[in-house]
There are 2 protein chains.
Amino acid sequence: MPTFAHAPGEPARAREPFGQWASGIADRVERALERGLPDALTVPQRLHEAMRYAVLGGGKRVRPLLVHAAGELTGAPPSALDHAACAVELIHAYSLVHDDMPCMDDDALRRGKPTVHVAYGEALAMLVGDALQALAFEALARAASEGASAPATVEMVGELARAAGSTGMAGGQAIDLAAVGRMLDREALEDMHRRKTGAMLRASARLGALCGAPLDAVRADALERYSNAIGLAFQVVDDILDVEGDSATLGKTAGKDAGSNKPTYVSALGLEASHELAQQLAREAREAQRALGPAAQRLGEIAELIVNRKS
Amino acid sequence: MPTFAHAPGEPARAREPFGQWASGIADRVERALERGLPDALTVPQRLHEAMRYAVLGGGKRVRPLLVHAAGELTGAPPSALDHAACAVELIHAYSLVHDDMPCMDDDALRRGKPTVHVAYGEALAMLVGDALQALAFEALARAASEGASAPATVEMVGELARAAGSTGMAGGQAIDLAAVGRMLDREALEDMHRRKTGAMLRASARLGALCGAPLDAVRADALERYSNAIGLAFQVVDDILDVEGDSATLGKTAGKDAGSNKPTYVSALGLEASHELAQQLAREAREAQRALGPAAQRLGEIAELIVNRKS
């Protein structure tokens, strides 16, 4: 027995430095993705090879970090969180594969590598995305055998499906498509991004929390405010980096959005106001984090990471 | 109280003529799809309009019939079956939208109407498919609030995800892609179709059964044999109709598969042997149906429908 017991909801590893905690989570989620993806010797081999190419060994894994950080609020079992983290990361990976295709953004470079349709052809890239979405729900269903309750798992499935679907991420993509070449005001931009990126970041936090004991209404509301703030902050920073970053650091083509005449926060508000908005959203996230108590330490650190990242 | 009580698992409507029962199920599933799809006034409107275009008012609804018929084996609540039926039909509809795209089969006609990418463009067609897949899982999660147990609903999610994913339907598509221009033997053809169409037909029957009381091992095994038989029969008949049918009756381009050099049962076995195979599979389905008892009447009638259909 330790001499000083931790307060409930504040696990021992909350004292590791953030970087160490985050790379530990990224490692364990990478291993879970490795295990969850069919190996490249399983028929159809080329599809499985391409799925692994699309998912493994890259990405910031922000969504898995959110899942695990939110799971600390509710004392969720880490192995259930791994399945939920795989689910959100697989949805994210599928969306990148489809977004990069010629009929969408037509991007050749992603995470410093040729995009899936460049490496494997368009038809297989479409199937890779389709199969990764299915695998996300398969992974999520497994959370129920790792300590998440069956009713909470059913709730998670609904949550993930709405976040990924036509009023969430896919809907945000459709609005984005229709907006090319048009000027959106800040409200319309926010609505688009709340769906396109925000919905899945919010779902990541909610799924993490749902893997454990139920949150009371006050803390559920604070988690919602936290998620909304970091969801928008993520996109504002993305738009800033698209202008200020370079392709080597980003691992994707810089200046792409501005060049393809897409509405961005920078084009709508200017660079300085975009920086200010990012800082304001960071303050909102911190305020919500305080309302969530000491177990929300990791959520606060993730908010800092999102706002201060360089890629 | 009725004078003559029905045997357990044999509901009153089992006495309706099959055609009447089937059109009743098709109607109620159509209404459930209507309710489950966001209306065309909900943002993003064009995406929702295209999703409704892809799903509503067409199709044989074979998978929903299987869901409801299998549900009669386990006394499943019809409203839970409606959600499971929507789920399998939404997966089916998404797969058609993506299969028809230029990078896949490049088909212009489906159910007698222009395909989604012809009507709405490629980018939106991809998003329609993506969003319909997500909506399928959202629909399935709702079965738990209509009388399916939460653990069974979690099992259904895993089942649907595997049937739709890389070792099921999407995997069958990938094998199909790689097979164009090659000659497959009967075993390789069966493996492909077991994934491409068979997996989702099997999942339809299993989902229907899972909405009710658990099946014992003997009947679960018989349902599996039934599903395997009708799954293959469906494809054999499809290949026969591709040769013998005409576009007007089929509502899609006849001779397409033969013309595009795809391996089919007809090209592998010849027309006569394909007809014989369809009849043999029908006998296997009937034998499994008898093992399932009187509550499997509808399953038997669906097997006849699959083998004797003209479109």
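Predicted model: local features only at pLDDT ≥ 70, side-chain atom pairs only at ≥ 80, totals over all residues.
**Stop 1: one chain by itself**

Along the principal axes, the C-alpha atoms of chain A fill a box of roughly 60 × 50 × 30 Å. The radius of gyration of chain A is 19 Å, which agrees with the value near 19 Å for a compact globule of 311 residues. Of those 311 residues in chain A, 53% count as buried. Now draw the contacts of chain A with a separation of 6 or more: 74% of them join residues 24 or more positions apart.

**Stop 2: the axis**

Bring chain B back. The answer to the opening question is a turn of 180° with a shift of 0.0 Å along the axis, and the RMSD is 0.0 Å. The two copies are therefore related as by a two-fold rotation axis. To find that axis on screen, select A150(A): of the residues of chain A, A150(A) comes closest, with its C-alpha at 2.7 Å from the axis. The two copies use the same surface, as 100% of the contact residues of chain A recur in chain B.

**Stop 3: where the chains touch**

Select the contact residues next: 42 from chain A against 42 from chain B. On the chain A side, the elements giving two or more residues are α2 (45-55), α6 (122-142), α7 (150-164) and α8 (169-179). Which of the elements gives the largest share? That is α6(A), with 13 residues. Colour this side of chain A by class and you get 27 nonpolar, 10 polar and 5 charged residues.

**Stop 4: into the core**

Nonpolar side chains tend to be buried together in soluble globular proteins. Here the largest nonpolar core has 208 residues, and A233(A) and A233(B) touch the most other members. Centre on A233(B) and leave out residues up to four places away in sequence: A233(B) touches A278(B), L281(B), A282(B), A285(B), I306(B) and V307(B).

**Stop 5: across to A278(B)**

From there, hop to A278(B), which sits in helix α14 (residues 271-292) of chain B. Is A278(B) buried or exposed? A278(B) has 21 other C-beta atoms within 10 Å, so it counts as buried. Beyond its neighbours within four places in sequence, A278(B) is in contact with A233(B), V236(B), V237(B), I240(B) and V307(B). Finish with a distance label from A278(B) to I240(B): they are 38 residues apart in sequence, and 9.5 Å apart from C-alpha to C-alpha.

Methods: Residues numbered from 1 in each chain as written. Chains lettered and ligands numbered in written order. Contact = placed C-beta atoms within 7 Å. Helix = DSSP H or I, 4+ residues; strand = E, 2+ residues; numbered from the N terminus. Nonpolar A, V, L, I, M, F, W, Y, C, P; charged D, E, K, R; others polar. Buried ≥ 20, exposed ≤ 12 C-beta atoms within 10 Å, placed from the backbone. Least-squares fit on C-alpha atoms with pLDDT ≥ 70 in both. Core = buried A, V, L, I, M, F, W, Y, C linked by C-beta atoms within 7 Å. Rg over C-alpha atoms; globule rule 2.2 N^0.38 Å.
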